[in-house]
Amino acid sequence: MTEEGQKPHFMGKTKIIVIGAGAAGLMAACAASDAGADVTIYEHNEKAGKKIFITGKGRCNFTNACAAADFFPNVPRNPKFLYSALYDFDAQAMIRFLEENGCPTKVERGRRAFPLSDHAFDVTDALVRHCRKNGVKIVFHCGVKDILAAEVVQGVVLDDGRRVSCDRVILATGGLSYPSTGSTGDGLRFARSLGLQVTETAPSLVPLVTKETWPLQLQGLSLKNVGVRILPRDSSEEKNAACTSDTGADSRKKKGTARRKRPVYEGFGEMLFTHFGLSGPLILTASALCDFHKYEEGFILYLNLKPALTRDQLVSRLKREFSEAPNRELSNALRSLFPERLALEIARIFAARQESGSLSVKASAEGGESRKARTLNEREIEELAVLIQDLPITLTGARGFAEAIVTKGGISVREFNPSTMESRKIKGLYAAGEVLDLDAFTGGYNLQIAWSTGHLAGISAAALKEG
């Protein structure tokens, strides 16, 4: 067991225990100690901010420097709960905090803020330095086993069985994402044992798995400036998406029930094909809105490979390309529009659509690849344009918590007062960060949620003890 900080506990000060030395816990400790509280952090890892170190690919996109009003649309669940926390401590406040604690910052495309050094360590170091300056004790290699509380917090039980009394407890254990950083879900267990409601959890900002195997053939291929539209799928849509799978089907029914449903997500940006399906910024953001536990049949993603063109413009472009190289095989003729591997898969999928539903993509591939561009008639070129701008891919699930940037779900926000982050049922219990049912899209929003809720929990918990 190791400790940082030398400041002893003083009589009369509010004694606070923070569980977790992640983003929310460190900020809560900084804010509480600034307000004069006697703060101890218990962390079962060997160092602070372990998850901070891997955010932004090690660069730490620590916030998004947008206005507060632009922040909330990027929070798909419970954004109103964040009003007090965000207006109390917003992105500009976090930037000032880091600058004042020896970590220069910069703002890049999309208002994404990073440490000037591009090293996540500098963000963690600034937080720990502030804690040390205020005499916060950080006890590493020491987890919390239980929270002692009935209607009022009394203290905690450490992993080694010792009981430590306190006035307030701030729960900042994080969620379930990236378990390699020490995320164990302990905070959710504590909440349940105390009678608090926990909403269903799932990985978010995570790659998605496809039913079709053709995307796997494009592993490593990144596409920029594409559009996606995702809709819930039901059993009646099996045939609609199967035209691009290994079993094949008639695609002419694809304008069925899926088109009449409201999309759960529409976006534009960059995506990546992987050995299991799809990833990249566009897909990670979309995953936040794909609730597979609600839609057991999964979702249909419609991929627009040429969103900058109208349908008529794309048809004209295809006609021009084919007329300039009439004797090229279809897959070769499409290489002026797409990378080679993608052009080949589009030709194969298109061939499957032209064949009967009983033939597979594999069986029809030879014919599709060898077909000359000049053999496509007007209607077929229009159908090819539809395929290019409305390519269906079946999404069957998300990758696990090991690859998730953040956790969807957590302790219900209804259990806490949004003005103080204090439990409505247990006096002296506060919570902050990913342990709560709060998550956002990519771009620095999730870390700002941790800073804002942590700061509000810290200053609220540090209020003078009654009596």
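## Close-up views of a predicted model

**View 1. Glutamate 434 reaches over to a backbone.** In this predicted model, the side chain of glutamate 434 comes to 2.7 Å from the backbone nitrogen of threonine 407. You'll find glutamate 434 in the loop that links strand S20 (429-431) with helix H15 (445-461). Is glutamate 434 buried or exposed? With a relative accessibility of 15%, glutamate 434 falls below the 20% cut-off, so it counts as buried. Once neighbours within four places in sequence are set aside, its contacts include Lys51, the run of Gly174, Gly175, Leu176 and Ser177, and also Val406, Thr407 and Gly409.

**View 2. The whole chain, for orientation.** Let's step back for a moment. The chain is built with 15 helices and 20 strands. It has 467 residues, and 57% of them count as buried. Take the contacts in the chain with a separation of 6 or more: 77% of these are between residues 24 or more positions apart. The chain exposes about 19600 Å², with carbon and sulfur atoms supplying 49% of that area.

**View 3. Cysteine 60 has a positive phi.** Most residues other than glycine have a negative phi. Cysteine 60 is not a glycine, yet its phi is positive, at about 65°. Where is cysteine 60? Look in the loop between strand S3 (38-42) and strand S4 (63-64). Its relative accessibility is 0%, so cysteine 60 counts as buried.

View 4. How accessible is arginine 111? Its relative accessibility is 43%, so arginine 111 counts as partly exposed. S6 also pairs with S4: those two run antiparallel and are joined by 2 bridges. Threonine 63 has alanine 113 in S6 as its bridge partner.

View 5. Histidine 119 sits in the loop between S6 and helix H5 (121-133). Leaving out residues up to four places away in sequence, histidine 119 touches Gly58 and Arg59. Now compare histidine 119 with isoleucine 54: in sequence they are 65 residues apart, and in space their C-alpha atoms are 9.8 Å apart.

**View 6. An open sheet with 3 strands.** The order across this sheet is S8-S9-S10, and the pairing is antiparallel. Which strands stand at the edges, and why is one side of each left without a neighbour in the sheet? They are strand S8 (144-149) and strand S10 (163-165); each has a single partner strand, so one side of each has no neighbour in the sheet. From one strand to the next, the twist averages 25°. S8 and strand S9 (residues 153-158) run antiparallel and are joined by 5 bridges. For a pair to look for, leucine 148 stands opposite glycine 155 in S9.

**View 7. A closed barrel of 6 strands.** Follow the strands around and you get S13-S16-S15-S14-S17-S18, with antiparallel pairing. The twist here averages 50° from one strand to the next. What joins strand S13 (residues 208-210) to strand S16 (residues 277-279)? The two pair in the antiparallel sense over 2 bridges, and leucine 208 stands opposite leucine 278 in S16. Helix H14 (residues 378-389) lies across strand S17 (299-304) and strand S18 (391-398), and it runs at about 115° to S17.

**View 8. Helix H12 from end to end.** Helix H12 (residues 340-354) has 15 residues. How far does H12 reach from its first C-alpha to its last? The span is 21 Å, close to the 21 Å expected at 1.5 Å a residue. Buried residues of H12 include Leu342, Ala343, Glu345, Ile346 and Ala347. Further along H12, Ile349, Phe350, Ala351, Ala352 and Arg353 are buried as well.

Conventions:
Residues are numbered from 1 along each chain as its sequence is written. This is a predicted model: local features need pLDDT of at least 70, side-chain atom pairs count only at pLDDT 80 or more; totals for chains, interfaces and linings use all residues. Side-chain values use heavy atoms; hydrogens and water are left out. Helices (H or I, at least four residues) and strands (E, at least two) are DSSP runs, numbered from the N terminus. Buried means under 20% relative accessible area, exposed over 50%, partly exposed in between (1.4 Å probe, protein chains only). A polar contact is a pair of N or O atoms within 3.5 Å; within protein, one must be able to donate a hydrogen and the other to accept it, and residues adjacent in sequence count only if both atoms are side-chain atoms. Contact means heavy atoms within 4.5 Å. Two strands pair if DSSP finds at least two bridges between them. Axes are lines fitted to C-alpha atoms, for helices over the stretch in contact, and angles run from 0 to 180 degrees between N-to-C directions. Accessible areas come from the Shrake-Rupley method with a 1.4 Å probe; for residues, only the protein chains shown count as cover. The expected span of a helix is 1.5 Å times one less than its number of residues.
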